Amino acid sequence: MTKNGAYELVDPTTQPLVASFSVAPRLLDIRGKRIGLIDDSKTNAKELLEDLASILEDRFETSVAMYHRKPSASKPADPQVVEQLAKECDGAIVAVGD
Amino acid sequence: MTSGLGSLVQAQWNDPVEAVEQCYALGWTDGLPVVPPTIERVEEFLAVGNRPADEVIGELPERRREVTVGKVAANAVMAGCKPEYFPVVLGTAEAMLDPAFNLIGPSSSLGGAGILVIVNGPVVPALGVNSRNNLFGPGNRANSTIGRAVRLILMNTCAAIPGLFDRTILGHPGKFSYCIAENEGGTHWTPHHVERGFKREDSAVTVFACEGPRQVRASNTPETMLYSTADTISNLGTSMASVGSVGDTSEVLRQGEVAVVFAGTSDVWEDWTKDDIRRYLHPRLKRSMADLKRGGALEGEISDGDEDEYLQLILSPDDIMIVFAGGAESSHMAVIPSWGPKVSSTSVTRRVQWPRPSPDCLNRPSTIPETTKRSTT
């Protein structure tokens with residue numbers, strides 16, 4: 001406390017750290033691209049991805065290069081899986097089911 | 001002045017109500033009034049913890065947050081803790097940030113988990129953490145404020161703010177405060193932390209992401225009490241009796257954990273160990289395929305054999321936590337199902353730095369349970 005009822009308070013909140021990654025360039029055209037699919041393991045995520053992949057294949061001649069089902073909806077995809085996606089796919093689609 | 005406390009906020013007030021209102025205005029509270037985290041008060045806590053304010057105790061990478069000793073101290077101050085509670089709050093925060101606990105899940109999920117803190121060891125009588133009557137209720141400063149510090153830490157340092165990252169549908173009152181201690185002196189059972197590999201003279205905290213406690217009233221014999229307890233655990237509608245959100249569905253149901261708190265007197269259980277109880281309960285924690293279909297946990301029509309085919313709700317007897325605590329008047333139990341499957345969050349036990357590391361701080365332990373004082377003098 002200082003004079004005149006002035007106080008210094010410790011800020012109990014945190015701010016997000018600067019991201020250690022940058023976003024990959026967006027695909028301008030998905031025709032013929034290799035797509036990776038990430039299923040968050042919630043209900044209907046798999047069905048949603050399968051239907052979507054089929055539509056994309058019909059309309060844009062995409063191919064499914066990788067399919068990953070997360071061990072838990074509450075956990076991020078394994079970094080090794082993400083690395084593999086980056087190598088083998090041109091783009092990825094994540095489905096959040098329920 | 002202690003360094004490493006991060007940003008400071010200049011404030012001015014002329015009376016306590018103004019001080020409380022300013023903390024509301026800053027968006028720092030859980031909806032209840034807080035103690036303003038003045039730098040002097042936070043430093044008192046840090047002196048007890050005897051660790052640098054800027055030491056990072058864990059991180060939440062999904063929200064790009066780091067949690068420091070100083071931030072934990074500020075939130076413990078706001079919760080109304082006494083400085084000597086700080087090692088318990090710090091140990092609890094470290095346990096929550098253990099990767100096995102996967103804090104991102106229970107702090108965001110629509111399932112609305114509370115984080116139960118179970119305190120064991122010599123720190124319990126030293127700080128007067130309540131392990132007896134009104135176990136989950138109000139009236140004891142250590143339980144109320146340590147449990148509340150957990151929620152403030154989640155909201156302020158982990159951004160688990162209702163409506164933002166905390167997407168709870170219902171939640172339960174344990175989200176305000178949910179801290180109990182085991183009554184180790186009242187039972188012949190092995191204390192919970194000793195079952196988890198710590199020494200009896202160690203102090204430890206366990207964090208468990210879970211639903212609210214469901215009281216079980218059943219007296220007479222150990223068998224009748226345990227039969228009723230098993231029946232309560234096996235209810236439809238809990239997280240344990242549901243599916244989904246797990247990649248590996250070979251067990252069909254989600255396979256979480258359950259905590260069971262046993263109140264009453266220990267002599268009722270003189271012929272039983274905690275493991276005996278687990279052996280009794282475990283095979284009974286199940287539900288028929290037919291019931292699971294009737295309740296919508298499983299899809300499909302009920303077919304031949306579904307009435308007689310049972311699914312196990314808890315995979316291993318080790319996933320049943322047993323704690324002796326509560327009033328001695330009657331043998332009540334409390335059943336606490338986990339928020340989710342173990343793969344999404346597993347209960348974690350951590351040692352508490354107790355006795356406190358700084359010799360200066362050992363002169364002021366409270367040995368009297370800090371019950372709510374009605375007098376203001």
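Helices H8(B) and H9(B) are oblique to each other, a word kept for angles that are not under 35 degrees (roughly parallel), over 145 (roughly antiparallel) or 65 to 115 (roughly perpendicular). Their axes come within 10 Å and cross at roughly 55 degrees, with H8 spanning residues 222-233 and H9 residues 274-281 of chain B. Axes here are lines fitted to C-alpha atoms, for helices over the stretch in contact, with angles from 0 to 180 degrees between N-to-C directions. Helices (H or I, at least four residues) and strands (E, at least two) are DSSP runs, numbered from the N terminus.

This is a predicted model, in which local features need pLDDT of at least 70 and side-chain atom pairs pLDDT 80 or more, while totals for chains, interfaces and linings use all residues. Residues are numbered from 1 along each chain as its sequence is written, and chains are lettered from A in the order in which they are written.

Let's look at another helix pair. In chain B, the axes of H2 (residues 39-49) and H4 (residues 86-96) come within 9 Å and cross at roughly 80 degrees. That makes H2(B) roughly perpendicular to H4(B). B:Phe45, B:Val48 and B:Gly49 of H2(B) make the contact with B:Phe86, B:Pro87 and B:Leu90 of H4(B); contact means C-beta atoms, placed from the backbone, within 7 Å.

Now for the two chains together. In chain A, 25 residues are in contact with 44 residues of chain B. Strand S1 (residues 6-10) of chain A gives the largest share of chain A's side, five residues. S1(A) runs antiparallel to strand S1 (residues 8-12) of chain B, joined by five bridges.

Methods:
Two residues are in contact if their C-beta atoms, placed from the backbone, lie within 7 Å. Two strands pair if DSSP finds at least two bridges between them.
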